[in-house]
Amino acid sequence: MDDEAIDYAAVFQCLPGMVALLTPGLVYADANAEFLLMAGRTREQVVGRYLFDVFPDNPNDAAASGMRNLAASLKRVLKTGERDAMALQRYDVEDPDRPGEWDERYWSPVNAPVCDPDGNVVLLVHRVEEVTELIKARGGPTGSRSRVLEAELYTRARELQELNERLRQAHAREREVALALQEAMLPARRQVGHHQAAVRYRPAVGALNVCGDWYDVVDLVGGNRIGVAVGDVVGHGLPAAGVMGQLRSALSAASRVAAGPAEALNVLGRYAHVVDGAESATAVTTFIDFDEHTITYSSAGHPPPVLVHADGRIEFLDQATDPPLDARFDPIPRPQAGIRYDEGAILVLYTDGLIERRGEDIDTGLDRLADALTGHRTEDPETLADAVLLELLPPGGATDDTALVIVRL
């Protein structure tokens, strides 16, 4: 049977349980027969009316919070586009035949979004299971121990929901801080002269939208030159991001005055010794001279950059690798290497979250990266960056942070 043969309006009316549809403005768009029956309302009393005009809080109960809790849940669904199951609620309902008289009712609601093809929430599915009779039947006579336990259970459920709401608000504030921190610490996508550079940044699954990985693209003094760098601080979230910001800024400043990338990393290594949380941090930086068609590079314990030559040949820049930034208390000069390129080549810098997988040899990840770059090397940097992330990162997101910079030379 195809979709055109199914009467979805009839299916909706026959759904078991109480189900209603709400607009984003919390106006009833529809309600099935069982919803109207259990709520004691006619269709005319519900559809087209604002939710909390139909079901306000009991004005005789100073502690009534059902309306506030339900509104908070529905707004979360509208904001996140995700389903929200609520704790058991006491939400008294006014008797439609006896105005001013309220029935004690208990509900277990679940709210879910209906989205359009662009992912915008256009309707809310409000499904309710009434458990009033269950609560009262299990409670026994008023004042009995079982009734007291039910009341205690209800109280704890309300407290849990209030705690969850406070945690959501705290998380929202922390996320706002994280977004502002990310924007301040990482440079925006940019074009370097007539050469394009694409950047990507992906935090680990479950982390805030900040991480310890970073990238930087800076104009260098003298000639048609830029510096491109990536780095990795151990850890996730705001603490790692704070260290990341300090190291990125220090390397950015050092690169503008250093004779080469090795000298810039020497300076950064000395600075890392006095930054709490910079232990085992890694970085690689490259100086690109577009007039001379050369790349000079140096690495402090970081995976090697990749040069995709104009003829499609892949070369890992691994001839100037040294230990991480704080590995030596009195660091010796770091190694530096250089390579020539032809116009049309691509330089790729990245962090280990792109290539490393638990239980897998790192060479496997490097081979996977080389294959992706080879297969998409004719694309522009933005498209190439998206393709690399799509092919290398797990569908559900990586367990480590990832930064990626691609420059068309």
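Two cavities of 30 Å³ or more are counted in this structure. The model is predicted, so local features need pLDDT of at least 70, side-chain atom pairs count only at pLDDT 80 or more, and totals for chains, interfaces and linings use all residues. Residues are numbered from 1 along each chain as its sequence is written, and side-chain values use heavy atoms, with hydrogens and water left out. A cavity here is a set of points, on a 1 Å grid over the protein atoms alone, where a 1.4 Å probe fits but cannot get out; lining residues have an atom within 4 Å of a point. Grid points are joined across faces, edges and corners, and the volume is the space filled by probe spheres set on the points.

Start with the largest cavity. It holds about 180 Å³ of space. Its lining has 16 residues, and Leu70, Tyr91, Trp107, His126 and Val128 are the closest to its centre. Helices (H or I, at least four residues) and strands (E, at least two) are DSSP runs, numbered from the N terminus. The lining has 13 nonpolar, three polar and no charged residues. In this scheme Ala, Val, Leu, Ile, Met, Phe, Trp, Tyr, Cys and Pro are nonpolar, Asp, Glu, Lys and Arg are charged, and the others, Gly among them, are polar.

The second largest cavity holds about 50 Å³ of space. Among its lining residues are Trp214, Asp216, Arg248 and Thr285. β11 (211-219), β12 (225-236) and α8 (237-257) each give two or more residues. α8 gives the most, with four residues. By class, this lining has five nonpolar, four polar and two charged residues.

The 15 residues of α5 should span 21 Å at 1.5 Å a residue, and its end C-alpha atoms are 21 Å apart, so the two agree. The expected span is 1.5 Å times one less than the number of residues. Buried residues in α5 include Gly66, Asn69, Leu70, Leu74 and Val77. Buried means under 20% relative accessible area, exposed over 50%, and partly exposed in between (1.4 Å probe, protein chains only). Just after α5, Gly81 takes a positive phi of about 70°.

Next come the rings. Four aromatic pairs are counted. Rings of Phe, Tyr and Trp (its six-membered ring) pair if their centres lie within 6.5 Å; planes under 30 degrees apart are stacked, over 60 edge-to-face and the rest tilted. Tyr28 and Phe55 have ring centres 6.4 Å apart and planes at 75°, so this pair is edge-to-face. Tyr28 sits in strand β2 (residues 28-31) and Phe55 in the loop between α4 (51-54) and α5, 27 residues apart. Tyr28 is buried at 2% relative accessible area, and Phe55 is buried at 10%. Phe35 and Phe55 also form an edge-to-face pair, with 6.4 Å between centres and 75° between planes. This pair links helix α2, which holds Phe35, to the loop of Phe55, 20 residues apart. Phe35 is buried too, at 4% relative accessibility. Ring pairs link Tyr28, Phe35 and Phe55 into a cluster.

Finally, look at the strand that holds Tyr28. β2 runs antiparallel to strand β1 (residues 18-22), and three bridges join them. Two strands pair if DSSP finds at least two bridges between them. Ala20 has Ala31 in β2 as its bridge partner. β1 and β2 form a hairpin with five residues between them, and Leu26 in the turn has a positive phi of about 65°.

Definitions and conventions
On a 1 Å grid over the protein atoms alone, a cavity is a set of points where a 1.4 Å probe fits but cannot get out, and a pocket is an open set with protein on both sides within 12 Å along at least five of seven lines; lining residues have an atom within 4 Å of a point.
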